[in-house]
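Take a slow look at the sequence and the 3D structure below.

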Amino acid sequence: MGQTAKTVRENRTITVDFQDRSTYFQLMHEGKAFVECVFAFLLALGFQLKHKASCRRSGCLTRQSPYTRVRLGGLTIWRIQCTSCKAVFTVWPHCVLRYRRMRPDVARQALMATHGGLSLEWCATICNISPMALYRLICALGQQSLVAVLTRCALPLPVYLLADEKHSRCLSARVSLPTIVSGRVIWHLGYSDGKSAVAFTASYGEFQRAALEHEPSYQVQGALIDGFDSTTKSMRTLFPGARLGYCLRHALHKLPDKLIGLAAPVRKGLRAKFHTLLHRCRQRNSLRGVALGQRLRRFADHITATVGEDHGERVRHWFQDKKAGWYAVLEDPRMPAMSTGLDQAHNAIDRKLFMMKGFHHPGGSQAAFLTGLAHLSNLIPYQRRALNAALCGVEVEGGRVPTLDWMLNLQILTSGGFR
Ligand SMILES: [Zn+2]
């Protein structure tokens with residue numbers, strides 16, 4: 001009867017660096033040399049091809065019939081096949097973007113400009129392409145998950161992570177961007193039109209699924225969050241064994257809200273005092289938690305004494321509420337304490353989302369677009385004057401990238417044919 005189960009076609013496209021355009025054109029006519037060149041490249045990269053599940057991987061590669069794409073100026077694209085499992089890989093030379101008319105050097109400029117903060121429209125104008133072409137290019141990069149690309153760079157899955165959502169607007173809709181960061185690297189950038197625990201669990205669950213697929217024994221030891229209820233619940237659901245800490249910088253920002261009606265200089269003074277308190281606690285290597293409890297009590301007493309009983313009470317209640325999350329940060333030195341890196345990433349991405357308005361249509365692929373932006377953020381090197389100049393986030397975190405060229409890295413790493 002009506003069997004409608006569709007077999008999902010595996011994307012087995014690989015990007016190969018032939019160093020020089022002319023090398024590619026030369027190898028086009030030499031089957032054996034072509035396969036050898038591809039093989040040498042794969043060996044140097046240390047990547048494995050995504051064979052079929054049944055493959056013993058002892059098979060050799062052989063070149064298959066070419067197919068010509070008129071769109072790309074008559075460039076011949078070859079495919080190679082595994083002689084054992086018959087999986088077919090399409091080999092895209094570094095000098096073309098797969099399925100795209102855009103030249104890599106044009107794409108390089110446009111992507112760099114986007115990453116640098118220019119709107120899609122401006123990037124497109126400068127590079128003489130259409131904004132839609134740029135949008136589609138970023139979406140195409142976002143087809144590969146962040147976990148897949150980052151683990152290809154030999155980064156271990158994050159044992160301690162930061163999770164937070166950016167609340168934003170897309171046209172008239174309120175949206176949230178649940179994000180997972182570790183150090184300088186974005187591991188997840190989701191898109192959710194709700195901010196319930198269920199919605200966040202679904203989004204963060206995508207990261208968890210991808211991570212478990214890569215490493216079935218993966219476990220999160222600690223997560224830093226801002227204490228928002230839905231985030232807390234989603235983390236508890238997904239990572240029940242993880243220590244949940246509350247961001248200390250969020251705490252600093254929140255304190256003035258608890259001192260309603262006081263003059264700004266007074267609130268500022270108390271905030272500075274609170275800052276010193278948290279800072280001192282973090283510096284002490286032993287008994288950090290114990291010191292915190294004592295200092296918080298004294299600080300609340302100080303507020304009572306200086307600005308009044310009701311303020312003191314409000315702050316004391318707030319401390320009661322959040323204390324456990326702050327202890328969690330102080331008790332484990334491996335826990336991240338502040339979400340600065342994540343906030344920076346969020347602010348940059350929020351500008352992009354704002355720019356995306358023109359493209360926010362029901363059939364749009366917001367998730368792919370955001371993932372594409374996150375790839376850019378992970379793989380484009382920091383500017384010359386920055387602290388980690390010429391390195392990208394992945395490298396700063398100790399990961400390896402295939403080549404010295406970020407654009408080529410992006411092309412290679414987001415190919416679907418590598419394991
Ligand atoms: Zn095979």
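Let's go through this structure from the whole chain down to single residues.

A quick word on ground rules: this is a predicted model, in which local features need pLDDT of at least 70 and side-chain atom pairs count only at pLDDT 80 or more, while totals for chains, interfaces and linings use all residues. Residues are numbered from 1 along each chain as its sequence is written, and side-chain values use heavy atoms, with hydrogens and water left out.

Start with the big picture. The protein chain has 16 helices and nine strands; these are DSSP runs (H or I of at least four residues for helices, E of at least two for strands), numbered from the N terminus. Of its 419 residues, 50% are buried. Here, buried means under 20% relative accessible area, exposed means over 50%, and partly exposed is in between, using a 1.4 Å probe and protein chains only. The chain exposes about 21000 Å², and carbon and sulfur atoms supply 52% of that; the areas come from the Shrake-Rupley method with a 1.4 Å probe, and for residues only the protein chains shown count as cover. Now take the contacts (heavy atoms within 4.5 Å). Among those between residues at least 6 apart in sequence, 63% join residues at least 24 apart.

Next, find the zinc ion. Which residues hold it? Its protein donors are His51 (ND1), Cys55 (SG), Cys82 (SG) and Cys85 (SG), 2.0 to 2.3 Å away. Donors are N, O and S atoms within 2.8 Å of the metal (3.2 Å for Na, K and Ca), and water is not among the atoms, so sites may look incomplete. Along the chain, the donors follow the spacing H-x3-C-x26-C-x2-C. Why is the arrangement called tetrahedral? Because the four donor atoms subtend angles of 105 to 114° around the zinc ion, and four donors count as tetrahedral if all angles lie between 85 and 135 degrees. For four tetrahedral donors, the ideal angle is 109.5 degrees.

Now for some charged pairs. A search of the whole structure finds nine salt bridges, each being a side-chain nitrogen of Lys or Arg within 4 Å of a carboxyl oxygen of Asp or Glu. In one of them, the side chains of Arg108 and Asp405 meet at 2.8 Å, N to O. Arg108 is in helix H3 (residues 104-115) and Asp405 is in the loop between helix H15 (393-396) and helix H16 (406-413), so this pair ties together parts that are 297 residues apart in sequence. Arg108 is partly exposed, at 29%, and Asp405 is partly exposed too, at 24%.

Lys233 and Asp229 also form a salt bridge, with their closest N and O atoms 3.1 Å apart. Both lie in helix H8 (residues 229-238), four residues apart, which is about one turn of the helix.

One more pair to find is Arg243 and Glu331, whose side chains meet in a salt bridge at 3.3 Å, N to O. Arg243 lies in strand E9 (residues 243-246) and Glu331 in helix H12 (residues 309-331), so the pair ties together parts 88 residues apart in sequence. Salt bridges that share partners join Arg243, Glu331, Asp332 and Arg334 into one network.

Terms used
Four donors count as tetrahedral if all angles lie between 85 and 135 degrees; four count as square planar and six as octahedral if opposite donors are over 155 degrees apart and all others between 65 and 115; anything else is irregular.
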